[in-house]
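Please work through the following exercises with the sequence and the model side by side, and try each task before reading its solution.

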Amino acid sequence: MTTHRNSAPAHTRSLPIRQLVLTLLGWSIALIIFFPILWMVLTGFKTETAAIADPSFIFSPTLESYQAVQARSGYARFALNSVAIAFGSTLLALLIAIPSAYAMAFLPTKRTKGTLLWMLSTKMLPPVGVLVPIYLIFRDVGLLDTRTGLIIIYTLMNLPIVVWMLYTFFKDMPKDILEAGRMDGASTLQEVFFLLLPLTLPGIASTGLLSVILSWNEAFWSLNLTSSKAAPLTAYIASFSSPEGLFWAKLSAASTMAIAPILILGWMTQKQMVRGLTFGAVK
Amino acid sequence: MATLQLKNITKQFGDTKVIKGIDLDVNDREFVVFVGPSGCGKSTLMRMIAGLESASDGDILINGQRMNEVGPADRGLAMVFQSYALYPHMTVEGNMGFSMRLAGVPKEERRAKVLEAAKILQLEPLLDRKPKALSGGQRQRVAIGRAIVRNPSIFLFDEPLSNLDAALRVQMRIELARLHEELDATMIYVTHDQIEAMTMADKIVVLHDGVVEQVGSPMALYHHPRNRFVAGFIGSPKMNFFSVEQHSISSDGVTVRLPGGRPCTIPVAGEQLARDEALELGIRPEHLQLDENGPLSGQIKVLERLGGQTSLYVQMGELLITIMADGDVAYRVNDTVQFGFAAERAHLFDAQGVALESLSQHPLASLTRQDNRAATEPAAPGGQV
């Protein structure tokens, strides 16, 4: 291998160097992004004293913080809320987004592109700008600190992205196949259930996954609209920053437990995620 | 029994009119081919017949009944798409039985019908495969099978062979002709390939810019094109066109002065011609003959030897003329050749590009595919091989 490379002409010899630099760059960026998570996981296994001492990778790991966290409050209750809210809002978003994306992909009008852009533009509004009106509405209709309330908010929050992604996946679907279905006597509903959904399932799955992740990690609304009953894991983490001061080790242990489920889910579905996030551009 | 009538059909997308008033009759068991260059509206017309596109105006009648507002599945038609449009997640059997599954036909009956169609198309060993495990020709057959199981009154084919390689295309062409025979069905076929049109059609509909240029049997179109467009479109290689001067008009035809000055009388009716009207002479490459005393001459620019035939591309002034000659002509590039033609093989077009009517009908012009069979079948057993 080495001899082969050495015997290569000069202009191709620059390639391995280029590759080396790019690889190093890639790894560095990945490490920079990953480092806070790594540090958090490590801190979770430290004692409180070690956690605030000079940063060090060398320490004797302990489950002390985890035990303390477990003893203090019901992780399970928060986790259950997270699951219910993340999956509930994702299902609701898909239910609304599939018909809308179908209409825009297969029955476009002059204003379809505009509608899509307008939907996306709502994502540019800082959520805090509508916090007060939404808080008041929620208070008046009794949605404060309810799972239903958060499901509604998360659905609305993710709907533009979900519609966009589904729209791109549906657009990729050959129109002929749906027309063949129509010739075979399929109603619109049959067309969707027998042809469109099975054929775009990978796309729908990655869209759903993204929506679950976004809902799972959302903290702004959950902190402001829930207190105890419907609080998800993000609120659980926040509860460890108490007025008496920060307990870094416990906070880290709690955070690790909060992100673990979604981290594992993301790890298992990496492939679909990448395809989903490139918005159907890579096949 | 299945007939189709189109009455003044138009289609408009926004401000653009793509179909500009088409009238057409398709008879029972006829094989009709829509042919034309891309963008002529042939696919749109077929999609309107299928019900996938609505007509802006006019009537579509199937078996005498107006179908404009009837959905695609209820028109009694089946369509084979250019891309085959197979359902990728279903097996061959699932693909072929999908329409029956939607209609709630019991599984046993479905299977029986699929098997019947599979037998016709030799698809039986493939019934459990998914489309991606099939070759192009097999996919094509599944698409046709899906149409057959619906037992339609009219089959629609939208450029079904254009994704196949040349050899397979010839084979499928023969197979489609056989199917037409076997199923005894009315078929409408869209293609831009005039060889497919010439070989399969009972009736060719030549479309151009959203209007019908001519309707007729392949031989009628070849021998008596109604205008310059049809003359240029039907026949391969393309017909040669020369500008000629009008000389005189008599009962024998119209005498024109050929490029080079010699007069020639073409046996066409010229009574309506205006004096000094610009004329164009059309002669097919296969009707030009190399002839030392011929009235035309030019220099060979390109020479393509195909074995049985040789195509000569001859520069004649500004024009590049194509001549189909024998396979063994001895000419070389840059040689000057003399050539001529039989006057009754030539076509004359007026200033609007409309063909002047021939004084005599070509004997094959009224030939149908049925005649073809009647003529060849009895001869086959004792005939020469």
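**Exercise 1.** Determine what share of the contacts in chain B with a separation of 6 or more comes from residues 24 or more positions apart.

Solution. Begin with the criterion, by which two residues are in contact if their C-beta atoms, placed from the backbone, lie within 7 Å. Among the contacts in chain B with a separation of 6 or more, residues 24 or more positions apart then account for 65%. Before going on, note that this is a predicted model, in which local features need pLDDT of at least 70 and side-chain atom pairs count only at pLDDT 80 or more, while totals for chains, interfaces and linings use all residues. Residues are numbered from 1 along each chain as its sequence is written, and chains are lettered from A and ligands numbered from 1 in the order in which they are written.

**Exercise 2.** Describe the overall build of chain B, from its extent to its domains.

Solution. The C-alpha trace of chain B spans about 75 × 45 × 45 Å along its principal axes, and 39% of its 385 residues count as buried (20 or more other C-beta atoms within 10 Å of the residue's own, with C-beta atoms placed from the backbone). An automatic or database domain assignment divides the chain into domain 1 (4–228) and domain 2 (237–349), and the C-alpha centres of these two domains of chain B lie 39 Å apart.

**Exercise 3.** Find the strands of chain B with which strand β1 (residues 4–13) pairs.

Solution. Strands here are DSSP runs of E with at least two residues, helices are runs of H or I with at least four, and both are numbered from the N terminus; two strands pair if DSSP finds at least two bridges between them. In chain B, β1 runs antiparallel to strand β4 (residues 57–62), to which 5 bridges join it, and B:Leu4 has B:Ile62 as its bridge partner in β4(B). With strand β2 (residues 16–26) of chain B, β1(B) pairs in the antiparallel sense over 8 bridges, and here B:Ile9 is partnered by B:Ile22. The hairpin of β1(B) and β2(B) has 2 residues between the strands, and B:Gly14 takes a positive phi near 60° there.

**Exercise 4.** Which helix gives the most to the side of chain A that touches chain B?

Solution. The contact takes 14 residues from chain A and 16 residues from chain B. On the side of chain A that touches chain B, α9 (175–183) and α10 (188–199) of chain A each supply at least two residues, and α9(A) gives the most, with 6 residues.

Technical notes. Buried ≥ 20, exposed ≤ 12 C-beta atoms within 10 Å, placed from the backbone.
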